[in-house]
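Let's take a friendly walk through this protein chain. Have the sequence and the 3D view at hand as you read.

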Amino acid sequence: MKKIGMQAVDEAIKNGVDLDGTPIPPKMLELYNKIMNEENKRERSGVKKSMRNRCIKTGSKHFDKETLDKLLIDSGWEGLKEKEILFFYNWYFLKIFNLN
């Protein structure tokens with residue numbers, strides 16, 4: 001069975017075993033769970049903003065900025081903001097500082 005998608009990652013975390021079968025170190029799991037527990041306590045004001053954020057975070061891995069911008073706008077959201085473009089698409093900056 002192929003291990004694809006976020007469900008596979010979530011299941012691996014839940015089981016404490018990486019997708020390659022190796023155990024996830026307990027301290028890593030502990031920190032991850034601590035942070036996720038804090039995030040789960042955070043009050044929410046709406047779903048659409050979270051959906052847009054997820055679309056940008058994940059979409060930037062699969063689409064160039066022009067395509068993702070158009071997809072967002074065509075779906076009824078505002079297009080990419082300058083700070084999102086700089087954060088997710090500024091490969092020149094990443095290359096200069098050897099961050100990739």
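## The chain as a whole

Please keep in mind that this is a predicted model. The protein chain holds six helices and zero strands, so reading along the sequence gives the pattern α-α-α-α-α-α.

Of the 100 residues in the protein chain, 15% are buried. Its accessible surface comes to about 8800 Å², and carbon and sulfur atoms account for 59% of that surface. Among contacts in the chain with a separation of 6 or more, 33% are between residues 24 or more positions apart.

## Helix 3: its length

Helix 3 covers residues 48-59, which makes 12 residues. At 1.5 Å a residue, a helix of that length should span 16 Å, and the end C-alpha atoms of helix 3 lie 15 Å apart, so the two values agree.

Which residues of helix 3 are buried? They are R52, I56 and G59, where buried means under 20% relative accessible area. These three cover an arc of only 85° around the axis, and therefore sit on the same side of helix 3.

What do the buried residues of helix 3 pack against? Their partners are helix 4 (65-74) and helix 5 (82-89). On the face turned away from the buried side, helix 3 carries the exposed residues R54 and K57.

Conventions
Residues are numbered from 1 along each chain as its sequence is written. This is a predicted model: local features need pLDDT of at least 70, side-chain atom pairs count only at pLDDT 80 or more; totals for chains, interfaces and linings use all residues. Side-chain values use heavy atoms; hydrogens and water are left out. Helices (H or I, at least four residues) and strands (E, at least two) are DSSP runs, numbered from the N terminus. The expected span of a helix is 1.5 Å times one less than its number of residues. Buried means under 20% relative accessible area, exposed over 50%, partly exposed in between (1.4 Å probe, protein chains only). The arc is that of the directions from the helix axis to the C-beta atoms. Contact means heavy atoms within 4.5 Å. Accessible areas come from the Shrake-Rupley method with a 1.4 Å probe; for residues, only the protein chains shown count as cover.
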